[in-house]
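Me: Got a model open here and want to talk through its surface and its charged pairs. Can you take a look?

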Amino acid sequence: QELNSAAHVLSAKDSEAGQRERLLQEQVAELERRLATLKAEAEEQEKSSERSERTVERLQERDRQSTAELAGLRSECEQLRLRCAELEQKYLAADAALAKQSKELAGLLEERVEWENELSD
């Protein structure tokens, strides 16, 4: 009877151990699924991060190009301002020369009128 009782206890413990083992296997399987999910998420995050890095690099390159282009345009604008100032000075000089010539011409015409009046007298 002791043997029977011991066998019954061993059988119960074996059954309990089997249940524990199945529970642990289920937990391991769940942990493996969670680990696989986390790995997949990590890979997707890494890909996303790489895409973001490439996007940042492209944007930085565009920014460098735009900055260089802007510097070129600013330089061109400054050259045009200088050229405009130069042309304005030439215009003012030409205008002053024209005014002087107009005054001289007016004086000559006045002299001519006086000569013609003297000749007709």
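This is a predicted model: local features need pLDDT of at least 70, side-chain atom pairs count only at pLDDT 80 or more; totals for chains, interfaces and linings use all residues.

Me: Where is leucine 108, and is it buried or exposed?
Reply: Leucine 108 lies in helix α1, which covers residues 2–120. Leucine 108 has a relative accessible area of 52% and counts as exposed, because the cut-off for that class is over 50%.

Me: Switching to charges. How many salt bridges in the whole structure?
Reply: The search finds eight. One of them joins the side chains of arginine 33 and glutamate 30, at 2.8 Å from N to O.

Me: How far apart are arginine 33 and glutamate 30 in helix α1?
Reply: They are three residues apart, so about one helical turn separates them. Arginine 33 is partly exposed at 48% relative accessibility, and glutamate 30 is also partly exposed, at 33%.

Me: What does glutamate 86 pair with?
Reply: Lysine 90, with the closest N and O atoms 3.7 Å apart. Glutamate 86 and lysine 90 are four residues apart in helix α1, which means a separation of about one helical turn. Glutamate 86 is partly exposed, at 37% relative accessibility.

Me: Which residues are linked with Glu86 in a network?
Reply: Arg83 and Lys90; salt bridges link these residues and Glu86.

Me: And arginine 112, what does that form a salt bridge with?
Reply: Glutamate 116, where the closest N and O atoms are 3.0 Å apart. This pair is four residues apart in helix α1, again about one helical turn. Glutamate 116 has 41% relative accessibility and is partly exposed.

How values were computed:
Residues are numbered from 1 along each chain as its sequence is written. Side-chain values use heavy atoms; hydrogens and water are left out. Helices (H or I, at least four residues) and strands (E, at least two) are DSSP runs, numbered from the N terminus. Buried means under 20% relative accessible area, exposed over 50%, partly exposed in between (1.4 Å probe, protein chains only). A salt bridge is a side-chain nitrogen of Lys or Arg within 4 Å of a carboxyl oxygen of Asp or Glu.
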